[in-house]
Protein chains: 2
Amino acid sequence: MPHINVDENLPGIRALMAFSPDTATPMGELANLLLRTSDTLSMADRELIGTYVSYLNDCFYCQQSHGAIAVCYLDGDTELVEQVKKDYAGADISPKLKALLTIAGSVQKGGKFVTEEQVAAAKELGATDKDIHDTVLIAAAFCMFNRYVDGLASNTPTDLSSYPLRAQQIVERGYGNYIFSNKQPVAENS
Amino acid sequence: MPHINVDENLPGIRALMAFSPDTATPMGELANLLLRTSDTLSMADRELIGTYVSYLNDCFYCQQSHGAIAVCYLDGDTELVEQVKKDYAGADISPKLKALLTIAGSVQKGGKFVTEEQVAAAKELGATDKDIHDTVLIAAAFCMFNRYVDGLASNTPTDLSSYPLRAQQIVERGYGNYIFSNKQPVAENS
């Protein structure tokens, strides 16, 4: 049960964003800027970084939500997303993304765990300064989102079939205020 | 030395925000909404929560910056801010704020460390749902800001006299885009 009185029909962060729409707006904008941009890091890469950090933070809601979004971008490859979470070094992803996931894993522990060697290794494999910046900020932002969701004990749907439906909406529409204004029941809408 | 090529004349998060002004905008807005609001939690309370979490995350830049802002709101009481960081239970602050700092300390470890008992204790001492929401989100947001600053190895002024000057600007003007658009040398402006 959530620690504060939020709408029980909304799952995870959406109930918190409905409780506090003022703060939801910049959080949604930050998510769009970090996750809905496709340059030298694809949207799939960005969602994989967020999913991996959510996995390390043991945030069920975020790792399921963003894992399902990554699956959409990866043409349904659920296994790849699972492997990135559990053993990215052995996953079929680029060496550059592996180096960036190493940096993201360090950020999850704390900023000072990122080493010059990790950054040099990523640059050697083609990572730009912006790739490194975005990786660090995506990982840091998920350390916020994960703590927000679990720190307030948000409702977390345990029915895994609900996440892909919701993921498709994000893929089509991005992160925006609609995510907390749509108050259909969780089962139909999460 | 920072891990990426940022303006060396800007300290801490300001150099990162100048590197990435798009993401700086919602981050500044979130800081304003969480830290420049005064309701049942004062601006001093809010900065103390952020300073305490930055201390726990061992982020020198953020704990000095926000500690100096808290000092401004507390009429120059540097000792109180130091005591909140090191032993808030023994500090001359309200029992409600102590209970909220306990929650913030749990969020710093991870969202799931917040317990029903901690939340009940804070409510018993007068904390509203919004107080608890804001405490969790402030603590979570500082887990992002701290990791952003240290994860990219931002320049951190070690001259402690620079922080109060900068704090006064924030107290007068809030968190906004000007913090990264003003490119005077660190010594004059940080």
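1. Let's start where the two chains meet. The contact takes 41 residues from chain B and 41 residues from chain A. Please keep in mind as you read that this is a predicted model. Putting the chains together buries about 3,400 Å² between chain B and chain A, and carbon and sulfur atoms give 71% of that area. Three residues deserve a look here: His3(B), His133(B) and Arg147(B) supply 21% of the area that chain B buries against chain A, more than any other three residues.

2. Now for the charged and polar pairs between the chains. The count of salt bridges between chain B and chain A is 2. Lys112(A) forms a salt bridge with Asp58(B), and their closest N and O atoms are 3.2 Å apart. Across the interface of chain B and chain A there are also 12 residue pairs in polar contact.

3. Which elements of chain B give two or more residues to the side that touches chain A? They are helix 1 (12–19), helix 2 (21–35), helix 6 (95–109), helix 7 (116–124) and helix 8 (129–151) of chain B. Helix 8 of chain B gives the most, with 14 residues. Sorted by class, the side of chain B that touches chain A has 20 nonpolar, 10 polar and 11 charged residues.

4. Is His133(A) buried or exposed? Its relative accessibility is 0%, so His133(A) counts as buried. Leaving aside neighbours within four places in sequence, His133(A) is in contact with Ile4(B), Leu16(B), Phe19(B), Ser20(B), Thr23(B), Tyr148(B) and Leu152(B). The side chain of His133(A) also makes a polar contact with the side chain of Asp134(A), at 2.8 Å.

5. Asp134(A) turns up again in a network of salt bridges that links Asp39(A), Arg46(A), Lys130(A) and Asp134(A). One pair to find is Asp39(A) and Lys130(A), which form a salt bridge with the closest N and O atoms 3.0 Å apart. Asp39(A) sits in the loop between helix 2 (21–35) and helix 3 (43–56) of chain A, while Lys130(A) belongs to helix 8 of chain A, so this pair ties together parts that are 91 residues apart in sequence. Asp39(A) counts as partly exposed because its relative accessibility is 36%. Lys130(A) is partly exposed as well, with a relative accessible area of 37%.

6. How many salt bridges does the structure hold over all chains? The number is 18. An α-helix has 3.6 residues a turn, so residues three or four places apart point the same way. Lys86(A) is exposed, with a relative accessible area of 56%, whereas Glu82(A) counts as partly exposed at 30%. Another salt bridge joins Lys123(A) to Asp129(A), with the closest N and O atoms 3.6 Å apart. Lys123(A) is partly exposed, its relative accessible area being 36%.

7. The buried residues of helix 2 of chain B are Thr23(B), Ala24(B), Pro26(B), Met27(B), Gly28(B), Leu30(B), Ala31(B), Leu34(B) and Leu35(B).

8. Two backbone angles are worth checking. Asp75(A) has a phi near 55°, a positive value in a residue other than glycine. Asp75(A) is in the loop between helix 4 (60–73) and helix 5 (78–87) of chain A, and Asp75(A) counts as exposed because its relative accessibility is 75%. Ala153(A) likewise has a positive phi, near 55°, and is a residue other than glycine. Ala153(A) lies in the loop between helix 8 and helix 9 (162–173) of chain A, and Ala153(A) is partly exposed, with a relative accessible area of 23%.

9. Glu117(A) lies in helix 7 (residues 116–124) of chain A and is exposed, with a relative accessible area of 59%. The C-alpha atoms of Glu117(A) and Lys96(A) are separated by 14 Å, and the two residues are 21 residues apart along the chain.

Notes. Residues are numbered from 1 along each chain as its sequence is written. Chains are lettered from A and ligands numbered from 1 in the order in which they are written. This is a predicted model: local features need pLDDT of at least 70, side-chain atom pairs count only at pLDDT 80 or more; totals for chains, interfaces and linings use all residues. Side-chain values use heavy atoms; hydrogens and water are left out. Buried means under 20% relative accessible area, exposed over 50%, partly exposed in between (1.4 Å probe, protein chains only). A polar contact is a pair of N or O atoms within 3.5 Å; within protein, one must be able to donate a hydrogen and the other to accept it, and residues adjacent in sequence count only if both atoms are side-chain atoms. Contact means heavy atoms within 4.5 Å. Buried area is the accessible area (1.4 Å probe) that two parts lose on being put together, summed over both. A salt bridge is a side-chain nitrogen of Lys or Arg within 4 Å of a carboxyl oxygen of Asp or Glu. Helices (H or I, at least four residues) and strands (E, at least two) are DSSP runs, numbered from the N terminus. Ala, Val, Leu, Ile, Met, Phe, Trp, Tyr, Cys and Pro count as nonpolar, Asp, Glu, Lys and Arg as charged, and the others, Gly among them, as polar.
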